[in-house]
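Student: I have a structure to go through and some questions about how its parts meet. Can we take them one at a time?

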Amino acid sequence: MEITGRTRVILEPAREIPICHETDVVVVGGGPGGHSAAIAAARNGAKTVLVERYGHLGGMATGGLVILIPHLSDGTNEQLIAGLCQEWIDRLDKVSGVLQTKREEWGASDEKTVARWKRVAFAVIGGHVRHTACVDPELLKCVLNDMAGEAGVKLYLHSWGTRAIVENGVVKGVIFESKSGRQALLGKVVVDGTGDGDIMASSGAEFDGVIDRKLRSSQLALVFRLGKVDFQEYCRFQEAQPAQHEELMKQLAATAGTRFAPIASSRNDVVWVNNWISGLTATNVEDLSRIEVEVRKMMLKGYDFLKKNVPGFENSFIMDTASQVGTRGSRRLTGEYNITIDDVHNAKVYEDTIAVFPPLGPIEKQPRVNIPYRALVPKKMNGLVIGSRCFASDPPSNDMFNWIPHCIAMGEAAGTAAAMAVKQGIEPRNIDYRKLQAALKNQGVLLPGVKI
Amino acid sequence: MDQRQTIIEPSRELKVCYEADVVVVGGGPGGHSAAVAAARNGARVVLLERYGHLGGMATGGIVIQIPHMSDGSKEQQIAGLCQEWLDRLDRIGGTLHPPRELLGSDDKAACAKWQRYVGTVVGGRIRQTAWVDPELLKCVLNDMAETAGIKLFLHSWGTRAIVEDGTVKGVIFESKSGRQAILGKIVIDGTGDGDLLPTAGAEFEADWDPRVRSSQLALVFRIGGVDFQKIADFHEANPQKYNELMAAMAKTAGMRFLPLPTPRNDIVWMNNWIANVSSMNVEDLTKVEVEVRRGMLPALGFLKGHVPGFHNAFIHDTASQTGTRGGRRVVGEYKVTAQDVLSGKKYEDAITTFAPVGAGENRGLVQIPYRSLVPQKVEGLLVAGRSFSSDAPANDACNLIPHCIAFGEAAGTAAAIAVKQGVSVRKINYITLQENLLRQGVPLPGVMKKAVRG
């Protein structure tokens, strides 16, 4: 290896990389998007490999301790996001791993139901109850492993897929690092489920990395959970003495050095504490190092304050911290179609709609939002589909629809499309939208307004 | 199907994102201690860690016991940075261990109390063994790194040594910033598995008998909502029944799980041992994650239904790092053998002294020589942690968390001396190293013949 003078670069020589596996569909990243892509691809007949950096599946929903799956309905009694997302919830329900609004409560606006659910973040929007689920991250890891095992997905865990293998403008596979060393996986279609678009970026596909610092998506977090709390007691205090609660939360932020929000979990004795650290970037290692150090310091101060001052936290303790940094957005694909905030405001519909999302705000004020398949397909690169939050979109539209349920929906579409492309021996950009929509509907994806 | 067995990854330029005196790869007990010791001894230090936290097995692995810091006498053999972990944890309520005045005690009441904490009472006498809170330990280790002035690269997987003319010059690592290089005068492999050894050109051994503890993997998890004292009461009153229940749980789960205490009475950690797998094989690491998670829920269900103290139990968390116990062992300037360990062999370059791990043994203290941290073949490289030069049984007896902290502290101190003196790590003066270690609070009983202790 050659160290080239003062240029501060070294030359890493060319070398042979063993191909450890060949398959139809390679999915990189086992979070909500990537996992769903892998499950959908495998269930649609593709031989599928899923490469995940950590030892568990679920990404932000498990390792990130973002243990809330909100906005599955729009405040009416109609569910909008179902498919694999609903399957997560149904399977969790069987192992007592979820707290969720009941089907008959969706759309309710009566005082009693609203009073109960407004204690759960995003469960009541504009005075109406939405389909929202609080999940247990450990049980979810088990559920997601089971789904992968049953679908016949070949898993590579503790495997960091970092680089696309590109030949003549076609992504042919990925290179990944693991304890077995640097190896290559080849596939007919690669799905980028990394969230940050790591594979997309390394492939040479066009993307937009502009970050709008005003947006939620630009902020990082290190979520932690507190145990032995009494969440209902905390809520009663918050409701009975809102001004005092607000004052305490201000003092909490001042003491800790950042805002901390305790949020309901599936258990009354556990809360997760969300946070928003700005000025950092999810694709910068210095920032990722810094947040781990800074938030852990803030956590000790914040926890101490809560325990001493806030009802419901008297006996609390730090239960765990997220093994994954809480990331909310970074690179976005330049796709066959790029969604804009105007599209969102105008309720644009597409002939290739693959997901329909409730607005984040009240349905009276904002329309439902369609996502076209073309937003998952790179404008230029072949053999690659996006299965997560880096779908083609401008920053404000991405910011609204890059949450866990959205990523599951986009992943399910990407995986289904990848399997169709493999089966037909065509490029992902050339599949028949109508067939994709029909397959998604068969899988329980709702697609209201889409006629087959 | 593609008929190729390999692909060619083309040559390319990598950005050198940092240069330092000492580059430590791996932030576990060995690597963290190496980095802290090197920095406190004046070296500019970079520490690369694959995960977002420091502490390795002691935090991310949820192996939250630091045992055998003393041998059952009043003396404590392992101190130094290991003791600093405990002192710092003590201040924030993050550890449970016998008070120092009980070390060596055979008092019946004291032993009865501490008997419940496996490894604390050995041969009827109390040893220094600490049970730690992994989350608070992560905070403590960050603080130690920060106050020592270490440059941290977290979420950074150091995978490859940069070698020029038989000397290690730095490492290549993966992160969200892409593949980059860090250069240093000395590189310390604190990966535990000796991940840098193959690309550094160092010789190593990786033979493990699948019956040996160190060859076995785990995925540790914690169970909350328990009453540990109630579990221990039941265990002591009905040992046979308890063992039958544990056997029945193993049958239900398809694997053996051992509940162990934590600093909190309402939490236990569940150790396990998966055999015929390797910590250096991605397929095996994947298999452990899937199989242990599959066994975990039936085990929990069984415990809740059958074992006193577990009635309200739930899965608290699972380890973010696979529990690994042994990996590659460097071929060093001196290879520690099982015979050396059993006979209590002494060395002029001893850098740490241990209590023998096994119960009821009367053999002497175990010493480890500095030369076992120095690769025989390559320059500019030290190992910190369990990949010290040793045969498999010797390694198996001396690769627990406190041992790795001790190796790491010695490696980091040695690296700083080598940098300061501008000499090879294999040429540093042992006496200087030992003097520095003594000053840092490493006891080294029986080591110094010369009058350096004052």
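Tutor: A polar contact is a pair of N or O atoms within 3.5 Å; within protein, one must be able to donate a hydrogen and the other to accept it. Bear in mind that this is a predicted model.

Student: How many residue pairs are in polar contact between chain B and chain A?

Tutor: Pairs count here if both residues are at pLDDT 80 or more. On that basis, the number of residue pairs in polar contact between chain B and chain A is 41.

Student: Which helix of chain B gives the largest share of the side that touches chain A?

Tutor: That side of chain B divides into 30 nonpolar, 20 polar and 29 charged residues. Nine residues come from one helix, the largest share, and that helix spans residues 282-306 of chain B. The helix is α8 of chain B.

Student: Which residue of chain B meets Arg8(A) in a salt bridge?

Tutor: Between chain B and chain A there are 18 salt bridges. A salt bridge needs a Lys or Arg side-chain nitrogen within 4 Å of a carboxyl oxygen of Asp or Glu. The side chain of Arg8(A) has such a partner at 2.9 Å, N to O, and the partner is Glu19(B).

Student: Which strands stand at the edges of the open sheet in chain A?

Tutor: Four antiparallel strands form this sheet, in the order β16-β17-β15-β18. Each edge strand has a single partner, so one side of each is left without a neighbour in the sheet. The edge strands of chain A are β16 (260-264) and β18 (317-321).

How values were computed:
Residues are numbered from 1 along each chain as its sequence is written. Chains are lettered from A and ligands numbered from 1 in the order in which they are written. This is a predicted model: local features need pLDDT of at least 70, side-chain atom pairs count only at pLDDT 80 or more; totals for chains, interfaces and linings use all residues. Side-chain values use heavy atoms; hydrogens and water are left out. A polar contact is a pair of N or O atoms within 3.5 Å; within protein, one must be able to donate a hydrogen and the other to accept it, and residues adjacent in sequence count only if both atoms are side-chain atoms. Helices (H or I, at least four residues) and strands (E, at least two) are DSSP runs, numbered from the N terminus. Ala, Val, Leu, Ile, Met, Phe, Trp, Tyr, Cys and Pro count as nonpolar, Asp, Glu, Lys and Arg as charged, and the others, Gly among them, as polar. Two strands pair if DSSP finds at least two bridges between them.
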